[in-house]
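Subject: Structure for you to look at

Hello,

Please open the structure below and keep it on screen while you read. My notes follow it.

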Amino acid sequence: MEKMKAGIIGCGNISAIYLENLKTNPYIEVVAVADLIRERAQERADEFNIANVYNVDELLQNDEIELVLNLTIPGSHAMTDLAALEAGKHVYAEKPLAISLEDGRKVVELAEEKGLYVGSAPDTFLGSGIQTARKAIEEGLIGKPIAATSFFMGGGPEAWHPDPEFFYMAGGGPMFDMGPYYLTALITLLGPIRRISASAGIQIADRKVGSGPKEGTTLRVETPTHLAGTIDFADGAIVTMITSFDIRGASDLPRIEIYGTAGTLSVPDPNFFNGEVKLRRYGQDTWETVQPAFESGHNERGIGLTEMVESIRAGREHKASGKLAYHVLEAMHAFQRSSLEGKHIHLESTYDSVVTTNASPSENETVESH
């Protein structure tokens with residue numbers, strides 16, 4: 001099969017791992033890079049032997065390029081997606097899909113109108129960690145899921161990130177930065193979300209850049225940095241979720257736990273592709289390790305993009321889709337809306353998962369003692 005030729009727009013920090021993982025990809029060939037700062041694009045091109053360095057318009061006008069990988073900052077995701085779709089190209093972007101719900105809808109609707117594919121990170125839910133947990137739930141190891149907890153408890157990225165300003169603007173904060181990983185995992189495991197109630201606030205407004213050339217610079221916090229809420233899923237599960245950039249000390253709270261009528265499942269960090277899944281059955285006092293559905297590496301960023309290209313060739317719906325990303329986007333907005341309006345927010349969108357595990361149906365041995 002001939003490789004699909006792709007161009008990358010946005011050559012910041014995240015582009016390196018995509019380019020590294022795509023070097024030997026059997027379905028995708030990166031033939032061009034573009035960035036508002038041309039020197040940055042040239043550095044990436046030199047580092048990864050990319051033939052063409054373009055400005056954004058040049059890349060979008062190149063008929064050879066069928067696919068755009070959009071790695072711009074969050075505030076530019078929707079604008080860049082729309083431009084790529086208007087140019088007749090499939091597009092896959094970093095998370096979130098958009099900042100506003102209106103822009104998110106425009107992206108999904110334009111892709112449908114033009115018969116093009118739009119995908120969005122995160123794709124960590126396609127790794128062995130979340131897929132093993134999903135398989136365990138499907139096999140009934142915890143009975144019917146009835147509740148869950150989900151916690152991202154951090155101190156914010158300003159201590160290590162050289163350009164952390166966008167994390168504290170609209171479209172940033174812990175919900176828009178890390179929420180997509182957790183919400184995508186929860187939707188994969190529990191199905192679509194029905195409604196959300198939450199409280200949100202800026203609990204620590206005094207922020208300074210902690211490293212790099214901007215060290216000591218004061219940051220202006222414009223978006224909630226601590227959000228706590230309750231998520232009601234369509235199938236009945238009730239989930240408690242907190243995302244925070246305001247935790248200056250440690251936290252021992254789990255990343256994700258799923259509680260069922262027959263046991264509890266401990267799910268690994270959804271920011272990564274792998275990790276152990278633990279099971280504690282009803283009536284037992286020890287945890288078991290669930291056998292992985294398949295093996296994943298530590299950082300396989302881009303597998304969602306690869307699966308999208310495979311789906312384009314096969315004419316089927318892809319997994320890390322714009323529809324899934326829009327459902328996640330609406331959920332993230334619902335946290336803030338609920339806090340502002342003081343009421344439950346009922347989601348208008350839904351999502352029917354197309355994800356299936358890669359494990360063989362004949363694999364009957366699922367857990368081992370630990």
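A cavity here is a set of points, on a 1 Å grid over the protein atoms alone, where a 1.4 Å probe fits but cannot get out. Grid points are joined across faces, edges and corners, and a volume is the space filled by probe spheres set on the points. By this rule there are two cavities of 30 Å³ or more. The largest cavity has a volume of about 90 Å³. Its lining (residues with an atom within 4 Å of a point) consists of 16 residues, and Ser120, Ala121, Pro122, Thr184 and Ala325 lie nearest its centre.

This is a predicted model: local features need pLDDT of at least 70, side-chain atom pairs count only at pLDDT 80 or more, and totals for chains, interfaces and linings use all residues. Residues are numbered from 1 along each chain as its sequence is written, and side-chain values use heavy atoms, with hydrogens and water left out.

The domain assignment, which is automatic or from a database, gives domain 1 (4–120) and domain 2 (125–295). Their centres, taken over C-alpha atoms, are 27 Å apart. Six residues of domain 1 and nine residues of domain 2 make the contact (heavy atoms within 4.5 Å).

Between them the domains bury about 610 Å², meaning accessible area (1.4 Å probe) lost on being put together, summed over both. Carbon and sulfur atoms hold 65% of that area.

Domain 1 and domain 2 share one salt bridge, that is, a side-chain nitrogen of Lys or Arg within 4 Å of a carboxyl oxygen of Asp or Glu. The side chains of Lys95 and Asp177 meet in a salt bridge at 3.0 Å, N to O.

Regards

Notes:
Buried area is the accessible area (1.4 Å probe) that two parts lose on being put together, summed over both. On a 1 Å grid over the protein atoms alone, a cavity is a set of points where a 1.4 Å probe fits but cannot get out, and a pocket is an open set with protein on both sides within 12 Å along at least five of seven lines; lining residues have an atom within 4 Å of a point.
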